[in-house]
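Subject: Structure handover, side-chain contacts

Hello,

Here is the structure I promised to pass on. Please open it alongside this note. My findings follow below.

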Protein chains: 2
Amino acid sequence: MAKGALTPRAEDFPRWYQEVIALAEMGENGPAAGTMVIRPWGYGIWELFQAELDRRIKEAGAENAYFPLLIPESFLRLEADHVEGFSPELAIVTHGGGKELEEPLVVRPTSETVVNSCFAKWVQSYRDLPLLINQWANVVRWELRPRLFLRTREFLWQEGHTAHASEAEARDYALLVLRTVYQAAMEEAAYIPVLTGHKTRRERFAGATRTWTCEGMMGDGKALQMGTSHELGQNFARAFGITFTNAEGAVEHAWQTSWGVSTRLIGALVMGHGDDCGLRLPPALAPVEVVVVLVKEDEGGRAVAEALVAQLRAAGHRVRLDDKTDTSFGRRSVGWEIRGVPVRVEIGPRDLAEGNVTVVTRHTRDKETLPLAGVAREVEAILARVGPELLAEAAASRAARTVDVDTLDDALAAGATGFARVPMTVIGDDGEDRLGAEAMSVRCLQRPDGSLARVDDDDADLVAVIGRSY
Amino acid sequence: MAKGALTPRAEDFPRWYQEVIALAEMGENGPAAGTMVIRPWGYGIWELFQAELDRRIKEAGAENAYFPLLIPESFLRLEADHVEGFSPELAIVTHGGGKELEEPLVVRPTSETVVNSCFAKWVQSYRDLPLLINQWANVVRWELRPRLFLRTREFLWQEGHTAHASEAEARDYALLVLRTVYQAAMEEAAYIPVLTGHKTRRERFAGATRTWTCEGMMGDGKALQMGTSHELGQNFARAFGITFTNAEGAVEHAWQTSWGVSTRLIGALVMGHGDDCGLRLPPALAPVEVVVVLVKEDEGGRAVAEALVAQLRAAGHRVRLDDKTDTSFGRRSVGWEIRGVPVRVEIGPRDLAEGNVTVVTRHTRDKETLPLAGVAREVEAILARVGPELLAEAAASRAARTVDVDTLDDALAAGATGFARVPMTVIGDDGEDRLGAEAMSVRCLQRPDGSLARVDDDDADLVAVIGRSY
């Protein structure tokens, strides 16, 4: 039914993506090139994702704080890899209050420098460690090929910054966040399966000693880097002078991590679960889990609709009553479908005359006529199924497009439509050049069984996952 | 006990304020002049305030969205009063991605211009109205005399933006927000009494036809503007072309409002309730409502402390166990006192030997030794009292420093230590100049009984509240 409105994914995936974002009223371009307006439907998804992540971040022991948007340009230069990585992407404030500034200010592309200038003051003794801080904020990076939610010149994110007394503790924390915050939120709230592993030296965060990543496969077989957790070693601690007196009275530099996910996750939901009729949201991240649609304005129908809304709200669900009967029923149905609302209950006079309502399950597009009496229970049963079924579907799709290969040529061939797993020994630095030339890259390194590498693992014993990416 | 640590308020109120912010670890200056770092204790208060406001904003029917930080400079010029008001305060981005920009970008000082450029696209028909949008965001204004939380070059806030089909509907909405969101959150969560009224023409928001305000009195008798709700008339609708087809098919410009509160509210809590021992938080906005302090490390004490923490958490309270027994008990107690935690339960071996614990109520500084058995119930009883007692105390203090006068000279005298209420007829434009010369201003206009002016009230029948302000 909604099919006509959208370009089919198989025909033009990027165009389908843009159309979903626009028609679902999730976002649009801002007036300054590369910037983004997040409309209420997109922002509603973000609020739910934020709440889920924030809860998990707090469970991991971190506290929220806020650091300034504007950073003296000289701060960025203090860590050599970091400035090299970010310099091409910076937005610079040169004037404030009608005057030229003595020192230009950088609009933060990430906050390592300003956070660590604070950490240097806050950390004195081993008793001050670990220091576990998170920030929800906007950042600006001058992207050359902006795309809504995936790559915009300003985006919203959280960035965690921590300091620890030992390298092992810092690594454990980076992995705790990777698993219990990121992977868990992606798989248990967004229901998008992710591969976890670490990046090659070339793909690492600027200033990190190791970057751990969560990689999802989108509907077109491309990878999306959905979240990263970095071990920073003592690089920033040396640059900013973050030292502590240990229990024995000796002064050491702290070991650090940083980690972030962004509004890009909204793009992941669109591309990870969307079908040719639009978005398909898991209930946990749906601003509206159930929409009750009054087909026509009539007293009996309205009373039934309002009672059902009340019943489902009392059970703790986010429910919307759509009684805009001055807009055509078909148009409203297509609208809710494009927006990905998991369950739609249609209440119309013909069904109701027989004591029935119609229940439409978005992710399967099943449509059932059911007795009104048990419909709330049925809706709850459907809601419980949506997430796990979306996860299973995405996992099956990923498995069907992932192959194990032994040569770089085979990896290049398979990587063009999905993921290729190839021994790291086959790649080397030259291999990454060849991949780059074909718009592919090593998405992550893993053990052959898909688990994370341990400290003492040799790169030669690892498998590289190869694919195109956003 | 903590008194020694802080400058008494009566001696030097601004210094006391700075010391509380620093010692309670609420915030500090950022590296770029005028910017602010909000530390976890300050940010924890903000998160609770945000949640309270966000809930009320949603109850008022508004949805959250997000608009870009960077705005083309030309947009600011579209509304004449607006650009005049904000031009001196702008931060300007002139370079991005290593190149000079063709058009400089303004770092938003407020988002009327960018929001209304979107509204012009989103609003077509009377069916699209009212359009009720809120944004949580950072904004930048080049303040010349920055002070933490009160006036910083970057601050966090929410800004609501709405469009309506008629002037009356817009006014009603501006007042709905003033009363049910702002005044209610200030008086029922922060427990700070506020005067409400409207601003004189001189004190109005740049671009508004009427500015409604909530004004609190701080501990030194000065006013703090805590939140404003503006009627914008059709000013921005004309500048940005926000038109709709009404039910009769005619095209009209929309009527608008905007409204905001900021991290300044954190400063209000410090100055509104703080005493010579530090902050005094109402439980609703306390990151920790109850701290259970283990005086010494011993098995029996720890078991009792942990059980009490569990019991109070199960009752839905935010409770912290302080078992850092390697730091002196006195230092920890003073720390919690400065941070304003409403209730402190001290668990020590001497009390415990007699089956007792010590309960300290922060806002009264009452200290009681109580039987362990009923202590959770007693703590809950105290928590229920804190907010209303803080409100009553602040209201009594305000009443004691507010006088009704009949001449400008008397108003100038009384305004030096508190609020003076004087007939608006006594003021006029000259009067506002004289007030300004004495660092005073009209904080708001009200009816003589303290209620809000109605549309048809004459300024001559109103009372002006006069005071110094932050």
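Is Glu28(A) buried or exposed? Glu28(A) counts as buried, at 14% relative accessibility. The cut-off for that label is under 20%. Keep in mind throughout that this is a predicted model.

**The contact between chains**

Glu28(A) has a partner in the other chain. It forms a salt bridge with Lys121(B), with the closest N and O atoms 3.0 Å apart. Glu28(A) belongs to strand 1 (residues 27–29) of chain A and Lys121(B) to helix 5 (residues 112–122) of chain B, so this pair joins two chains. Lys121(B) is partly exposed, with a relative accessible area of 48%, whereas Glu28(A) is buried.

The pair is also part of a network. Salt bridges link Glu25(A), Glu28(A), Arg39(A), Arg339(A) and Lys121(B).

**Other salt bridges**

How many salt bridges does the structure hold over all chains? The total is 70. Two more of them deserve a look.

One joins Asp276(A) and Arg9(A), whose side chains meet at 3.0 Å, N to O. Asp276(A) is partly exposed at 22% relative accessibility. Arg9(A) is partly exposed too, with a relative accessible area of 27%.

The other stays inside one helix. Glu306(A) forms a salt bridge with Arg302(A), and the closest N and O atoms are 3.1 Å apart. Both residues lie in helix 9 (residues 299–314) of chain A. They are 4 residues apart, about one turn of the helix. Glu306(A) counts as partly exposed at 38% relative accessibility. Arg302(A) also counts as partly exposed, at 22%.

**Aromatic pairs**

Over all chains, the structure holds 20 aromatic pairs. Take Phe67(A) and Trp122(A). Their ring centres are 6.0 Å apart and their planes stand at 40°, so the pair is tilted. This pair links distant parts of the chain, 55 residues apart. Phe67(A) is in the loop between strand 3 (63–64) and strand 4 (70–72) of chain A, and Trp122(A) is in helix 5 (residues 112–122) of chain A.

How buried are the two? Phe67(A) has a relative accessible area of 0% and is buried. Trp122(A) counts as buried at 12% relative accessibility.

Chain B has a tilted pair as well, formed by Phe67(B) and Trp122(B), with 6.0 Å centre to centre and 40° between the planes. Phe67(B) lies in the loop between strand 3 (63–64) and strand 4 (70–72) of chain B and Trp122(B) in helix 5 of chain B, so the pair ties together parts 55 residues apart in sequence. Phe67(B) and Trp122(B) are both buried.

Back in chain A, there is a cluster to inspect. Phe67(A), Phe119(A) and Trp122(A) form one aromatic cluster.

**Charges over rings**

Which ring does Lys222(A) lie over? Lys222(A) lies over the face of Tyr470(A), 4.8 Å from the ring centre. In chain B, the charged end of Lys222(B) sits over the ring of Tyr470(B), at 4.8 Å from its centre.

Best wishes

Technical notes. Residues are numbered from 1 along each chain as its sequence is written. Chains are lettered from A and ligands numbered from 1 in the order in which they are written. This is a predicted model: local features need pLDDT of at least 70, side-chain atom pairs count only at pLDDT 80 or more; totals for chains, interfaces and linings use all residues. Side-chain values use heavy atoms; hydrogens and water are left out. A salt bridge is a side-chain nitrogen of Lys or Arg within 4 Å of a carboxyl oxygen of Asp or Glu. Buried means under 20% relative accessible area, exposed over 50%, partly exposed in between (1.4 Å probe, protein chains only). Rings of Phe, Tyr and Trp (its six-membered ring) pair if their centres lie within 6.5 Å; planes under 30 degrees apart count as stacked, over 60 as edge-to-face and the rest as tilted. A charge sits over a ring if NZ of Lys or CZ of Arg is within 6 Å of the ring centre and within 35 degrees of the ring normal.
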